[in-house]
Amino acid sequence: MVSKQYPRLGETVFHEILENGLHVYVDRRRDFQKSYAFFATNYGGMDMRFRLEGAWKNTPAGVAHFLEHKMFDTQDGNALQDLAANGASPNAFTSSAITGYFFESTEKFFDNLRILLSFVSIPWFTPESVDKEQGIIGQEIRMVEDDPENQVFYALMECLYDHHPIRVPIAGTQQSIARITAGTLYACHKAFYNPANMVLTVAGDVDPAQVCAVAREILPGQSGQPIDRDYGGEEALEAAQGEKELTMEVSTPIFQLGFKCDPAGTGAEWLRRSLTGELACEVLLGSSSPLYARLYGEGLINKNFGYGFELYPGCALLAAGGESRDPRKVRDAVLAEGERLAREGVDPALFGRVKKGCYGAKVRGLNSFEHVCIELAQAHFAGVEYFTFPETFDAITPSDVEECIRSWVTPRRCGLAVVRPGEER
Amino acid sequence: MKVTQITLRPGVHLTAVQTRKFKSSMLGAAFLAPLTEGEAALNALVPMVLRRGTAEHPDLESLSAALDELYGGTLEPMVRKKGETQCVGFVGSFLDDAYTLAGERVLEPAAELLAELLLRPYTQDGAFCPDYTRQERGNLIDRIKAQVNDKRQYAQLRVVAEMCGEEPFGVDRLGSEAAARDIDAALLWAQYQKLLRSARVELYYCGSAAPERVQAAFAPVVEGLPREGERMALVRPAKRAAPRKPRRVEEQLDVTQGKLAMGFRTNADAWDGQYPALALVNAIYGGTTTSKLFLNVRERLSLCYYASSGLMKYKDVMLVSSGVEFDKVGQAEGEILSQLYKCQTGDFSDDELEWARRSVVSTLLTTLDAQSRLEDYWLGQAAAGLTEGPDQLAARVEQVTREEAVAAAQDLILDTVYFLKGRD
């Protein structure tokens, strides 16, 4: 086991690679009541086409999410109840790129860790339980269909992307999940839930050696095969379509504005791109940018305005959205500001402040064990140590950020999705 | 972790939590006023307009720049409802001094900026800037109207409004749209002066600094408050019995899934000795993933996508919230009530009791690990005039017996049923 100190963050991380290929990271935090464990597979909503034992397989949309729901079933009952009975708060999520299972507990951490590792690694599906889950997930999909925030997000994905699976809803559709069987679930579990394709991250006042000992005791000793995935070939750099509009029962129009960015490779480049993208967002339309103040002052955006830079395998985007009486005006103003920044460059004082601000926010983010565990895991899958961000951050220059804005914030790369008020859909 | 509560002046209090656990320190300052139909929207609007600019930083851009200089600190308007008290002001998070690049102090300039926001607004002709007032009033109205967007939460707001229509608790924390529309810069300025003079003020800090340093850092806030007049005392909400026959309200909106929200009277709140027993019963009934509602109504019978219960800590109200198919609502309601009956007749296993207890205790103890939850906890206690910490409340929950839990369950009486369905 290697222990590594990150003095700028006041953190120490223990790292070990088990014989089965699983990487284990423990961020030891003294004086906390709770501990947090996160067990994730590098498998998400967008991994629908992959090669298993030499043969390419196509799976319906929503399998990763369906699996996440079903993994809690065990031969003896339900792991959710076992964890909750130990006072742990368990949960799970499926994103486009990963599926993660976690719990937070104040007592019996290692008992809970055993339960977590065991239910995630041992599949137990029956045709009856799969049928029943189709009902539950069907309801979840319908609930999401009533949620304008979600609808506007996927409308933006359809604007930006022609075929990349990021545009497919993670939970799938009523039709796609109807095609999922116990067999599909077993096959995908076998492909993606092998230790070498997974990571275990822990934060809390726990003994790292014991974490590894429990992982060795519960998980299979052998690793599975590496997996090839197919996201349908490289996307063009231009948005697939400029605008998309929906009608739902909302009080004011809700919008998502997006710019298609260049995807990043793995390792240091991934971390650097992600930080540069964040800074580009702040400089362009962040809460201390001149554009934000103007849009807010003109009543074109309100407190619900949010923005961010998202990086996935094979795609990246800069997105901003919220409520607006006139989303097109917001888009045009952002495009004009992008053009101005590309032409005139970034105000050095603004850049200095924004950088300080982002740095502080990132360090403060380490208060959240959930955030730390997820970031450590995602960075691991991307091939980089998350806690090196201060040094990477230091090295980013105004011209790095200008270059991103110059190439990304253009009409050709721009998509706008709007949900307008109205009763009909 | 050391908690110090100090009265800085009559009606002006500081809660200072000293700990080195976090990367950040948290600061808060709130005016506490009785929740009323007439003043809720006005009070809610005050911090939103204050946040637009100060005498020294007259616009958002310069305020953001000042915050960025403080390592991206935040100071956001706070509008919360704690029982029948409305809390308005600011809460923010700043990088703890230990992690600054050059070892510079953040607490003192952050508290100074907080004082500026609270006490030295940007004004025109001796009142709030009419533009800022108009824009923020528009934003407040939009926020009130936008409550319908999240149907799950909307159903809960509606059941409270129906159930507590004759009590201050029925007033939403943001006030009503009609009241918001009547506000202008002069009216808002008068309300702000009233808060400055007569509202109880609660200051909060959590971070590595010692209480003495915190008290000194907050001096610009305390010194800037008017000294004349008396600050309002806290009021404990009155209890009320459920009607003999539950009220029923149905509404239609364009939704594909129905939302059923049920309001119960609890006959107990945070001030009462039986509150820990009530908290435990809520967890057995619907507060966790091992609860009766989750395991039976959602999992076993698949009647709802979600079904859970929650307590209003500072008011004698418990809400059950569920998402249900339109044609299954009757069945779901029947099952929700029959699960309650099981709690009332002691028909729950020792396992169910202990699972619930572990969950309540764990939620309380982990409050100590999360700065924003801790801040919200202490604001609630301050608004109630209570001094018990989350760990002390957890210790009381550990002592609750099965008989006490059943007794608390027997006090739960259905008051109002609200159902949100689709259009015909």
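Q: What makes B:A356 and B:V360 contacts of B:L280?
A: B:L280 touches B:A356, B:R357, B:V360, B:V397, B:V400 and B:A405, leaving aside residues up to four places away in sequence. Two residues are in contact if their C-beta atoms, placed from the backbone, lie within 7 Å, so these residues count as contacts of B:L280. This is a predicted model, in which local features need pLDDT of at least 70, side-chain atom pairs count only at pLDDT 80 or more, and totals for chains, interfaces and linings use all residues. Residues are numbered from 1 along each chain as its sequence is written, while chains are lettered from A and ligands numbered from 1 in the order in which they are written.

Q: How do you know that the predictor is confident in chain B?
A: pLDDT is the predictor's confidence in each residue, from 0 to 100. Chain B has a mean pLDDT of 95, and 100% of its residues reach 70 or more. For the complex, the predictor gives an ipTM of 0.74 and a pTM of 0.82.

Q: Where do the bounds of domain 1 and domain 2 of chain B lie?
A: Domain bounds come from an automatic or database domain assignment. For chain B that assignment gives domain 1 (2–224) and domain 2 (247–422). Their centres, taken over C-alpha atoms, are separated by 29 Å.

Q: How many residues of domain 1 of chain B are in contact with domain 2 of chain B?
A: On the side of domain 1 there are 32 residues, in contact with 27 residues of domain 2 of chain B.
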